[in-house]
Amino acid sequence: MPVTVGTAGHIDHGKTWLVRALTGKDTDRLPEEQRRGISIDLGYAPLDLPDGPRLSLIDVPGHERFVRNMVAGATGIDLFLLVIDAGEGARPQTHEHLAIIRLLGLEHGVVAVTKADAVDEETLGLALDEARELVPEAEPIAVSAKTGAGLDDLRGALGRAAELVAQKHKLVGVEAARIYVDRVFSLRGIGTVATGTLWSGTVGEGDVLRAEPSGRDVRVRSVQVHDRAVERAEAGQRVALALPGVERDELHRGDALVAPGSLRPSYRLDVALEELEPIANGARLHVHHGTAAVPARVATAGAFAQLRLAAPVVAARGDRIVLRRGTTVGGGTVLDPTPARHADLARFEQARRGEARVHAPLLVDGEWRFSDSWLAELEAELERRLDHADPLDPGVPAPTEPWARDVLARLPFERRGSMLYRPGAAGALGARAADAELALESVAAAEPGAAKLEDAELARFLERSGRLVRLGDGWAVSSAAYERARSLVLEECAATRQITLARFRDLAGCGRRDAQLLLERLDADGVTRRVGDARVLRRQASAPTS
Ligand SMILES: Nc1nc2c(ncn2[C@@H]2O[C@H](COP(=O)(O)OP(=O)(O)OP(=O)(O)O)[C@@H](O)[C@H]2O)c(=O)[nH]1
Ligand SMILES: [Mg+2]
């Protein structure tokens with residue numbers, strides 16, 4: 001079972017150097033990080049333990065201004081590696097990071113007292129004593145990233161802690177896939193890539209995930225774990241997902257990718273509160289959940305609170321959250337991720353006992369029951385999404401939960417395929433009709449190759465209306481060119497069982513880049529599958545249809 005380790009500790013205490021000494025990788029990759037000599041954003045590196053498992057390391061920044069990034073990194077981890085400068089001892093962010101680790105319910109970790117080379121015996125002894133007091137459950141280890149002293153002991157301690165976590169992992173059953181996005185970037189020839197830690201479930205090539213809160217379904221073209229392609233990644237692993245058809249600016253840190261129909265975004269969370277500082281009824285603060293940080297207002301009752309969020313999050317019962325207002329003021333455990341609006345003690349108590357109040361749909365005697373207020377909220381949420389839908393195709397994906405059929409029958413929307421529309425709504429090109437003509441002309445002129453289309457929304461609309469097919473990186477081909485490419489591949493594979501990029505390029509008569517993009521689209525569409533340097537047909541596609 002894969003285990004993810006996150007660093008923690010005050011600015012300049014030596015986290016990044018220690019990660020580099022352990023893994024050989026410098027996680028301060030941003031130019032600004034290199035210039036200023038501090039970490040700003042999260043860094044990632046694999047750590048191979050001698051005859052042990054491979055761990056994923058997440059390096060976090062110590063600067064107080066970037067605690068938000070630290071929390072985003074820490075929410076996905078299983079183990080902490082608290083780093084303390086032997087000469088300085090514990091400082092403000094040592095304490096704050098440790099508080100966050102506790103609020104997130106992380107039980108296992110290792111404390112490294114580093115820069116041991118720079119202090120005398122006595123100072124080192126004092127620092128180790130202080131560390132013991134701070135984190136009684138972990139034996140602190142004196143290390144130096146400069147000389148390498150103590151690194152083997154540290155690897156050993158990490159290995160033992162990872163073992164404890166892995167045993168706990170085993171007790172957790174398989175759940176629906178859930179990833180909180182921490183980075184989005186685009187790669188030439190691949191398109192948009194999103195990374196994050198897989199909290200639960202598995203994810204593999206060809207899976208469909210729902211991006212929340214946008215509600216869009218996305219198809220996973222390929223999965224990598226630490227720069228290596230895998231067929232399927234499992235819970236606990238850091239994953240990089242290639243998502244064809246998603247533009248880079250359509251997905252952000254904080255968004256969730258979940259198995260469709262498993263978890264819904266919610267503007268409210270009922271939590272059992274843990275206060276580090278008093279949190280008053282009505283207080284405004286930031287809720288950190290997954291990789292998101294969302295402004296919220298708190299409605300308290302006793303040791304509970306309802307968090308009313310300015311933007312929706314996707315949470316599950318039992319998730320931990322951190323509350324910050326300049327500094328970390330508390331945290332909590334989610335009791336109900338989709339509660340009705342309320343703030344009374346009796347209902348919080350019920351939620352804590354896990355008693356189902358009928359609010360969100362519940363199957364009772366073969367029938368879906370839900371409250372009127374839940375239905376009204378769902379309708380309002382769908383209306384909100386429809387308001388933001390693309391005017392070119394003003395629909396949103398319909399809910400796919402088991403209750404969808406019963407519930408949608410009671411809402412005033414029109415279902416067309418997998419989408420929901422306002423009754424009679426139709427896409428309108430309007431002022432963009434001329435742009436559409438130009439786009440189609442450039443795609444036709446590029447045949448048999450691809451043309452670059454700057455307006456992604458327009459390209460999506462034209463694809464939905466069957467006039468072109470989008471490839472990665474904003475390139476597109478005419479529908480005819482795509483069909484021809486598909487037939488070529490089917491025919492060649494029928495004759496010789498496989499097709500290489502070079503052969504396909506010659507047959508199609510286009511350039512290498514366009515050939516590559518076309519083949520990747522055929523992979524994403526489930527026609528072909530990569531095997532080494534060549535492509536073969538996926539089984540269901542092997543009977544030519546055209
Ligand atoms: N002598 C000595 N100096 C070290 C050691 N490790 C780190 N340093 C020094 O401490 C400085 C800061 O180390 P970093 O690893 O960048 O600190 P950090 O904790 O990652 O800092 P932030 O990410 O900005 O919070 C380095 O530039 C080194 O000069 C060590 O083992 N021995
Ligand atoms: Mg650093």
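A residue is called buried here when its relative accessible area is under 20%, exposed when that value is over 50%, and partly exposed in between. The structure described is a predicted model, and in it both faces of strand E33 (residues 534-537) are covered, since Ala534 and Val536 on one side and Arg535 and Leu537 on the other are all buried. Strand E33 pairs in the antiparallel sense with strand E31 (residues 499-500) over 2 bridges, and in this pairing Ile499 stands opposite Arg535. Strand E33 is likewise antiparallel to strand E32 (residues 528-531), with 4 bridges between them, and here Arg529 is the residue opposite Val536. The hairpin formed by E32 and E33 has 2 residues between the strands, and Gly532 takes a positive phi near 60 degrees within this hairpin.

For the protein as a whole, 14 helices and 33 strands are found. The radius of gyration is 26 Å, which agrees with the value near 24 Å that a compact globule of 546 residues would have. Along the principal axes, the C-alpha atoms fill a box of roughly 80 × 55 × 45 Å. Buried residues make up 54% of the 546 residues, and the accessible surface comes to about 24,400 Å², of which carbon and sulfur atoms hold 49%. Among contacts with a separation of 6 or more, 66% are between residues 24 or more positions apart.

Strand E17 (residues 265-275) and strand E22 (residues 327-336) run antiparallel and are joined by 6 bridges, with Gly330 in E22 as the bridge partner of Glu275.

Leaving aside residues up to four places away in sequence, Val287 touches Ala292, Ala293, Val294, Ala296, Leu307, Leu309, Ile321, Val322 and Leu323. One of these contacts, Ile321, is 34 residues from Val287 in sequence, while the two C-alpha atoms are 6.7 Å apart in space.

A further sheet is open and has 8 strands in the order E11-E10-E16-E7-E8-E15-E12-E13, with antiparallel pairing. Strand E11 (216-219) and strand E13 (228-230) stand at its edges with a single partner strand each, so one side of each is left without a neighbour in the sheet. The twist from one strand to the next averages 40 degrees. Inside this order, strand E7 (residues 178-187) and strand E16 (residues 256-258) run antiparallel and are joined by 3 bridges, and Arg178 stands opposite Val258 in E16.

The magnesium ion (ligand 2) is coordinated by Thr16 through OG1 and by Ser39 through OG, at 1.9 to 2.0 Å. Thr16 lies in helix H1 (residues 15-23), whereas Ser39 lies in the loop between helix H2 (31-36) and strand E2 (43-48), so the pair ties together parts that are 23 residues apart in sequence. Thr16 has a relative accessibility of 10% and counts as buried, and Ser39, also at 10%, counts as buried.

Several backbone features are found in loops. A cis peptide bond with omega of about 10 degrees joins Glu212 and Pro213, and Pro213 belongs to the loop between strand E10 (208-212) and E11. Another cis peptide bond, with omega of about 5 degrees, joins Glu447 and Pro448, where Pro448 is found in the loop between helix H10 (433-446) and strand E28 (451-452). Asp12, although not a glycine, has a positive phi of about 70 degrees; Asp12 is found in the loop between strand E1 (3-8) and H1, and is exposed, with a relative accessible area of 53%. Asp473, which is not a glycine either, has a positive phi of about 60 degrees. The loop that holds Asp473 lies between strand E29 (468-470) and strand E30 (475-478), and Asp473 is partly exposed, with a relative accessible area of 27%.

Note on methods:
Residues are numbered from 1 along each chain as its sequence is written. Chains are lettered from A and ligands numbered from 1 in the order in which they are written. This is a predicted model: local features need pLDDT of at least 70, side-chain atom pairs count only at pLDDT 80 or more; totals for chains, interfaces and linings use all residues. Side-chain values use heavy atoms; hydrogens and water are left out. Buried means under 20% relative accessible area, exposed over 50%, partly exposed in between (1.4 Å probe, protein chains only). Two strands pair if DSSP finds at least two bridges between them. Donors are N, O and S atoms within 2.8 Å of the metal (3.2 Å for Na, K and Ca); water is not among the atoms, so sites may look incomplete. The radius of gyration is taken over C-alpha atoms; the globule rule is 2.2 Å times the number of residues to the power 0.38. Contact means heavy atoms within 4.5 Å. Accessible areas come from the Shrake-Rupley method with a 1.4 Å probe; for residues, only the protein chains shown count as cover. Axes are lines fitted to C-alpha atoms, for helices over the stretch in contact, and angles run from 0 to 180 degrees between N-to-C directions.
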